[in-house]
Every structure is written in C-alpha cells, then in structure tokens.
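Hi,

Here is the structure I promised to pass on. Have a look at it first, then read my notes below.

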Amino acid sequence: MRVAIVGLGGSYADYVAARIRSETFDEVWGINCIGAIIHVDKTFMMDPVSRFLDTENAGLQTGIANEFLKKNKKPIYTCELDKRVKNLKLYPLEEVIKSTNLCYFNNTVPYAIAFAIHSNVTSICLYGIDYTYKDNLYMAESGRACTEFWCAIAVSKGIKVEVANRSGLLDTNVPDNEKLYGYHRLKDPLVQKLDQTGLLITKQSEIAPPEPIDNKPILFGRHDIQKLNGVDNHVSN
C-alpha cells in the first residue's frame, strides 16, 4: 500500500503538483487540520482536540482546525476522546510500540509514520513535513530528528520512503553536489545516483546530463505542446 502523509509545511505544494500529474496513492493521511483543505482518509492529531476547541494555543490554525473538526467524517487518531467531535479514535499506542519495539514520539508526524510501519505499508510519501519553525528552532530540530529517525526505521524494514522535493527533510532539497559533507568541497564533488542496481556514488563530472523529453505533451498556457520529430505541434485545449 502506497500512503501519502501530508502536513502543513510549504512542501505541501509538491503533493498538489503530484496529484496534478495524476500520481495516485492508496490512502492519504493528514496531519492535524490539513484535511480541511484536501481530502484525507485518516488524520493524526495527537494533541487533545480540546486544545483547538477551547483555547487559542494553536494560533492561526485554531479557526481552520475548528472547521475541520466540525465537518470531518473520516477517522482522526488522537490521544483522548471528546464527545464534541465525531470519528475520534484512540491512537493504538501500545500496539504500535510492541510491533516496532520503539517509543520515541516528540511530535505528531512520527506517530503517523510508526502507524504506517505497524500497518505494513510498502511506500510512504511525505509532503508538507518540513520543520521550518523560524521562531522555535529547538522544536524544529528535535521534531525533524524524531521524524527522520522513524524514516530510517521504515527504510530498514523495506518500506520505500519518498520526500517532497522542496522539503529539507532528509536533506532532500539540498543540491546533489552538496549532499555528501566534505566531498562537496572537492573540485569534482561526489554525488549519488540511482540506477537499476541501486544507489551509486560517483563523480559529478561522470554523470550524463538528463536526456530531453521527446514525444511527451507539455502543458503550456492555453495549449498543449507536443514535440514530434523536433517540431512543436500546438494542440488546442
């Protein structure tokens, strides 16, 4: 099962782009109130919902969270039930801890990843999971560390983990020639690439430039441009 986990960070835009490209997921799991904006099959909201209903502690998210909690019809996994909100489910903490033999959760996203591991998914795609909190660097760093830990656990169990291109998680948005510290200072940096045999490390100079995309329609303004034999053929929408 291929699952998308979508949060509220800026790389959420990559999820939108993926859907526009017709990418599909067996399920979409939302973090907190993202379900007010996109369709989600499950939500993970590990703060008690009373935080959103009874206080302003969530700041600007308070309003959209209230809207989501009132309209949502899909399961919401959380730490405490509240009669005011339908479809709340207690997160199966003991079961997840027993199946993973791990207990390290300092923000909501790791709970979702651990649940995916517990559920034996085959692929996890992370969008909007960025940890770019300018006003709370400690929370950003500790939260990212915990999430990356669970990503590593997923990979160790044979689960494919994909991260949104513009996200800093797992250094995904770092240029290829800067990902390997130390080697990035060389005149010809080492870079990683994937081929049919797996992950390889090679010199940047030895990587061939990408081949041009031929015979594939490109959406451009009000027309689709189809390149056939090097000639641009415009097709009206």
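Which ring does the charged end of Arg-51 sit over? The ring is that of Phe-52, with its centre 5.5 Å away (a charge counts as over a ring if NZ of Lys or CZ of Arg is within 6 Å of the ring centre and within 35 degrees of the ring normal).

Before you go on: this is a predicted model, where local features need pLDDT of at least 70, side-chain atom pairs count only at pLDDT 80 or more, and totals for chains, interfaces and linings use all residues. Residues are numbered from 1 along each chain as its sequence is written, and side-chain values use heavy atoms, leaving out hydrogens and water. The protein chain averages a pLDDT of 88 (the predictor's confidence in each residue, from 0 to 100).

Now the aromatics. There are 15 aromatic pairs (rings of Phe, Tyr and Trp, the last by its six-membered ring, with centres within 6.5 Å; planes under 30 degrees apart are stacked, over 60 edge-to-face, the rest tilted). Phe-44 and Phe-115 are edge-to-face, because their planes are at 65 degrees, with the ring centres 5.4 Å apart. Both Phe-44 and Phe-115 are buried (under 20% relative accessible area with a 1.4 Å probe, protein chains only). Phe-105 and Tyr-111 make a stacked pair, since their planes are at 10 degrees, and their centres are 4.3 Å apart. Phe-105 and Tyr-111 are buried too.

Cheers

Conventions
Buried < 20%, exposed > 50% of the residue type's maximum accessible area, 1.4 Å probe, protein only.
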